Amino acid sequence: MLLSTFLSRRGLVDEQDQSTLMVLSMRQVQLSYTPSIPTWSILQTCLVFKGMKQRMKELDFFGSDGMKVETSTWTAVTMAKLVWRYGYDIMKIQNWVQDSLLKNFTRIYKVQNEGIAFTTVEDMLQAMDPEFVRYTHTTIMDLMKEQGFSDIFIQEMVHAIMRNNYGQSVAMPAFVGAVSMAGAQPGLWSVKGGNKLVPEKLLKKSNANLISAKVTQILLQKDGEGVTYEVSYKTPNPESKDQEENAREYDIVVIATPLPTGQTDIKFEDFSQPLPFPDFKMHETVALFVQGHLNASHFGYENLKDAPGGIFTVDEDVFFNSVEKQRPVTFKEHLKKKDVEEEVYKVFLNRVPTEPEVRLLFSGRKDLRLINWKAYPQYSTNMELPPFVLYDRLYNVNAVEIAASALEMSAIGGRNVALLAYNHWYGHLDKIDEVSEGETTAAKQEL
């Protein structure tokens with residue numbers, strides 16, 4: 001009988017990360033920045049399939065010397081201000097993202113629908129568009145300069161988006177940078193009730209056996225054609241503070257958690273060769289949630305009602321990356337306005353703020369929560385694209401994060417590994433790393 005296990009960030013086919021939602025004053029708000037784009041196919045399919053509802057998501061740009069761009073509630077006024085500062089760049093960015101990323105990105109859906117899987121991230125990007133591999137080794141700043149975008153647009157608008165989405169700069173690789181720019185396009189949505197509902201509903205539909213536990217070790221038990229693994233894990237003991245140690249044998253193991261260099265708690269034992277783990281570090285992001293009043297005067301507003309829903313910062317000298325007003329994930333203002341005078345704000349930073357810095361951003365507060373977590377890789381153009389296969393029937397979904405960390409990238413990586421495991425198990429080798437010549441030729445002709 002085939003037994004397989006899927007290791008998530010919190011264990012075996014585990015529950016959603018408990019830090020994905022934050023509760024303040026009886027309202028649940030989303031912790032991580034996980035926008036989804038209208039053309040992202042897999043997540044859209046999941047939502048339709050499980051009956052989940054989408055919700056559509058004024059933004060100013062702030063620098064160390066004050067406000068760079070202050071938008072308006074009137075779209076025409078906002079566009080006039082943006083064109084005055086950035087010229088035609090603000091008009092052509094959407095077409096550039098569509099032509100340089102999204103148009104060819106969608107090829108992966110057709111390939112996966114045909115049951116084809118890839119053993120490496122590079123092979124998967126190559127199947128989408130051979131240029132995507134080059135994008136991982138050049139910066140988003142250099143690529144956009146190649147495409148004729150101005151320095152001011154790159155250093156302000158693009159830089160602000162990189163800082164908000166990944167806490168990093170325009171020195172990021174162009175592929176993840178383009179994904180980040182796609183996340184700044186119109187028509188973004190998130191899931192009613194919180195993005196955590198996507199894995200929750202899929203897990204329920206799968207009828208998988210959920211073991212809420214922390215994996216400690218993966219032992220290669222048998223090698224050769226009859227390869228099996230013993231997965232050791234710890235589960236909470238409801239009668240004491242201790243944890244019970246258990247182990248089970250599996251034919252297939254899928255790891256869906258980051259494996260940063262020297263920072264994983266999972267031990268891999270009795271393998272005959274070093275495993276091809278990706279060489280990278282995780283970027284630490286601080287998410288500060290404050291229920292209170294934004295300090296409007298710090299940003300140059302006469303009063304609080306003039307402040308927009310979000311403020312992105314454009315340079316490294318500003319201690320925070322962005323500040324945004326939060327809406328409850330349920331959409332409904334279930335508390336009356338008079339009961340909740342203070343709004344909830346989310347601030348992204350690359351370090352824990354000092355008390356004077358918090359007071360600089362907020363003139364008063366009722367509640368404050370701080371989450372420090374390793375959110376995504378620390379990106380570099382020197383990073384090597386890793387394999388999805390660590391060993392025979394041992395797979396790493398999160399290898400795809402080295403190319404770009406995003407909801408849809410994780411969904412594509414997960415589907416690729418599912419297809420890969422299936423094709424390996426049933427011997428469908430013609431469905432592994434094989435793309436039709438017509439698809440390859442079409443990709444090259446469009447370059």
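In which loop is Arg393 found? Arg393 is found in the loop between β19 (389-391) and β20 (394-396), where helices (H or I, at least four residues) and strands (E, at least two) are DSSP runs numbered from the N terminus. The model is predicted, so that local features need pLDDT of at least 70 and side-chain atom pairs count only at pLDDT 80 or more, while totals for chains, interfaces and linings use all residues. Residues are numbered from 1 along each chain as its sequence is written, and side-chain values use heavy atoms, with hydrogens and water left out.

Arg393 has a positive phi of about 65°, although it is not a glycine. Most residues other than glycine have a negative phi. Arg393 counts as buried at 17% relative accessibility; buried means under 20% relative accessible area, exposed means over 50%, and partly exposed lies in between (1.4 Å probe, protein chains only). Asn207, also not a glycine, has a positive phi of about 60°. Asn207 lies in the loop between α10 (197-206) and β9 (214-222), and with a relative accessible area of 67% Asn207 is exposed.

The helix packing may be followed from α2. The axes of helix α2 (residues 75-86) and helix α8 (residues 151-166) come within 9 Å and cross at roughly 130°. Axes here are lines fitted to C-alpha atoms, for helices over the stretch in contact, and angles run from 0 to 180 degrees between N-to-C directions. On the α2 side, Leu82, Arg85 and Tyr86 make the contact, and on the α8 side Ile152, Phe153, Glu156 and Met157 do so, contact meaning heavy atoms within 4.5 Å. By class, this contact of α2 with α8 has 5 nonpolar, no polar and 2 charged residues. In this classification Ala, Val, Leu, Ile, Met, Phe, Trp, Tyr, Cys and Pro count as nonpolar, Asp, Glu, Lys and Arg as charged, and the others, Gly among them, as polar.

Helix α2 also packs with helix α3 (residues 89-105), at an angle of about 95° and with the axes 8 Å apart. The two helices α2 and α3 are therefore roughly perpendicular to each other. Met79, Leu82, Val83 and Tyr86 of α2 meet Asp89, Ile90 and Met91 of α3. The class count for α2 with α3 is 6 nonpolar, no polar and 1 charged residues.

Helix α8 contains Asn164, which is buried, with a relative accessible area of 0%. The side chain of Asn164 makes a polar contact with the side chain of Asn165 (3.0 Å); a polar contact is a pair of N or O atoms within 3.5 Å, of which, within protein, one must be able to donate a hydrogen and the other to accept it, and residues adjacent in sequence count only if both atoms are side-chain atoms. Asn164 and Thr313 are 149 residues apart in sequence and 7.9 Å apart in space, C-alpha to C-alpha.

In strand β18 (residues 362-377) lies Asn372, which counts as partly exposed at 41% relative accessibility. Asn372 touches Glu284, Thr285, Val286 and Val352, not counting residues up to four places away in sequence. Between Asn372 and Val352, 20 residues apart along the chain, the C-alpha atoms are separated by 7.9 Å.

Technical notes. Angles under 35 degrees count as roughly parallel, over 145 as roughly antiparallel, 65 to 115 as roughly perpendicular and the rest as oblique.
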